[in-house]
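We will look at sheets, a helix, a pocket and a loop.

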Amino acid sequence: MVFHDLREYAEELEKLGELRVLPGVHWDLEIGRITTILCQKEDQPVVLFDQIADYPKGYRVLVNPIGSKRTLALCLGIPYMESYIDILNAWRKKLKTLKPIPPKVVTDGPVLENVQEGKDVNLWKFPVPKWNTLDGGRFIGTGSVTILRDPDEGWVNLGTYRVMVHDESKAGFFIAPGRHGSIIREKYFAQGQKCKVSISCGQDPQIFMVSSMEIPYRMPEYDFTGGLKGEPIEVIESDYSGLPIPARAEIVIEGEASMEETLEEGPFGEWPGYYGSGARQDLVIRVKRILHRNDPILLGVPPGKPPWSTNRVTNFNRSAMLWDEMEGAGVPDIKGVWCHPSAAGRMFIVVAIKQRYPGHARQAGLLASSCQAGGNVGRYTLVVDEDIDPTNTDDILWALSSRSDPADDIEIIRRCWSTPLDPLVRKGAPSLNTRAIIDATRPYEWMDEFPPVVGFPPEELAETLNKWGKHLAGHGQKKG
């Protein structure tokens, strides 16, 4: 199905039994605790909070928007499947035929139902949660989309970056170095200009999903999302910023930032599972205008200690894009790629290949750790044979321990691209890290002599299970 905003998505989830509504929860840590309970497990429901303490009915927060295989398939626009590798291959197939569709400019939309400017601007009117105990404040931007226009080339970038509320009219503007939004922002400052920005804080989850993906530089995320949806995204060209904002967004914040104004931002519990960047002076957005729908829904997608449902979504997309980038660079016979969710989808990458020539495994590992989708923070890259399921942690630990020799099969690369959020980057130090490429494949030179694996072919086991499985039900399980 095609849904056009967060409300239509929630309505569809309710029909599927994937939505829960919780009234009377407190914004101060209680929403965060419930979100943690949901996001630490797979296949949990989406939750909509209403009648939040200290706020009127109708000012709502939605969390865990893509927390199950069913909601993931819905947002990817592919059929539901049980296996992550099957979902991954279906998504890669769709990516190969996806044709970008530019957004459609309209003059009106639900986001304009309420407009506050000047002294009427008040970020505290929304039930912004304090997500975790050690957070330095309340973050309105976790499932948000930051909209910027490149001042030199004119293309529009969407990115997901955290946004902290400082007071009624000021918000944080943290973007990690090297991100597309950071590159664009620096261009404005280099030209002596202020950077105008629009931030959508509740929108079609497909727009959010694409904004958090590593799609190529200069590819407008609106166009990519339109191609995914099969129709253009409706946008309104803001008469304040000139930026295209989603016409059916729930909440949009508009303002500007300069190099001269900073405030203490953070700390914030980030995707590696740590408060890595601590509190620091960072740029500020002076909010000039707030737009919102009646009964607005704030989309909350805070990161947390892996594995975490939002990490599963980003790691899934990153796995597909990394696989395609490696194939595009000429690496043959890749059988699977997995950016492991327990390593926040970035810090442990597994690539399965069918070895075709000497050095094939090293080539795959070096490329996976350095191309765009795998280039940021990827601390460990493990290359395994085609008989290993890269999504199965038991399989990859078995390959690591039985097919790699620490003296010969580990390569170290130094001074690579990291982030201030990396817990091993000390505060104030350059965002650099070290990478390990681990070859856990059978040695190519004597692959035919390598001891055979114990067991039976999967098809034989499946046939036997089909014949005898009903007699093998464990104690307490229903038989027959």
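Which residue in β17 is the bridge partner of Leu62? The partner is Leu299. Please keep in mind throughout that this is a predicted model.

On β3's other partner, strand β2 (residues 46–50), the pairing is antiparallel, with 3 bridges. There, Leu48 stands opposite Leu62. In general, strands of a sheet pair through backbone hydrogen bonds, either parallel or antiparallel.

Put together, these strands belong to an open sheet of 4 strands in the order β1-β2-β3-β17, and its pairing is mixed. β1 (19–23) and β17 (297–300) are the edge strands, each pairing on one side only. On average, neighbouring strands of this sheet are turned by 25° against each other, direction ignored.

Are the residues on the two faces of β3 buried or exposed? Arg60 and Leu62 on one side are buried, and so are Val61 and Val63 on the other, which leaves both faces covered.

**The five-stranded sheet**

A second sheet to find is an open one of 5 strands, ordered β18-β19-β20-β22-β21, again with mixed pairing. Its edge strands are β18 (334–339) and β21, and each of them pairs on one side only. Neighbouring strands here are turned by 15° against each other on average, direction ignored. β18 runs antiparallel to strand β19 (residues 348–353), and 5 bridges join the two. Within this pairing, Ile334 stands opposite Ile353 in β19.

| Strand pair | Bridges | Sense | Example of facing residues |
|---|---|---|---|
| β2 and β3 | 3 bridges | antiparallel | Leu48 and Leu62 |
| β18 and β19 | 5 bridges | antiparallel | Ile334 and Ile353 |

**Helix α1**

Now turn to helix α1, residues 6–16, where Leu6, Tyr9, Ala10, Glu12 and Leu13 are buried. Why do these residues lie on the same side of α1? They do so because they cover an arc of only 160° around the axis. On the other side of α1, Glu14 and Lys15 are exposed.

**The largest pocket**

Rolling a probe the size of a water molecule over the atoms shows where empty space is left. The largest pocket has a volume of about 770 Å³. Its lining is made of 40 residues, and those lying nearest the centre are Thr160, Tyr161, Ser212, Trp271 and Arg346. By kind, the lining residues divide into 19 nonpolar, 14 polar and 7 charged.

Which element gives the most to this lining? That is α8, with 5 residues. β8 (156–159), α6 (205–211) and α8 (309–328) each supply at least two residues.

**A loop proline**

Finally, look for Pro423, which is placed in the loop between β21 (410–417) and β22 (432–440). Its relative accessibility is 32%, so Pro423 counts as partly exposed, a class that lies between under 20% for buried and over 50% for exposed. Pro423 and Tyr275 are 148 residues apart along the chain, while their C-alpha atoms are separated by 7.5 Å.

Notes. Residues are numbered from 1 along each chain as its sequence is written. This is a predicted model: local features need pLDDT of at least 70, side-chain atom pairs count only at pLDDT 80 or more; totals for chains, interfaces and linings use all residues. Side-chain values use heavy atoms; hydrogens and water are left out. Two strands pair if DSSP finds at least two bridges between them. Axes are lines fitted to C-alpha atoms, for helices over the stretch in contact, and angles run from 0 to 180 degrees between N-to-C directions. On a 1 Å grid over the protein atoms alone, a cavity is a set of points where a 1.4 Å probe fits but cannot get out, and a pocket is an open set with protein on both sides within 12 Å along at least five of seven lines; lining residues have an atom within 4 Å of a point. Grid points are joined across faces, edges and corners, and a volume is the space filled by probe spheres set on the points. Ala, Val, Leu, Ile, Met, Phe, Trp, Tyr, Cys and Pro count as nonpolar, Asp, Glu, Lys and Arg as charged, and the others, Gly among them, as polar. Buried means under 20% relative accessible area, exposed over 50%, partly exposed in between (1.4 Å probe, protein chains only). The arc is that of the directions from the helix axis to the C-beta atoms.
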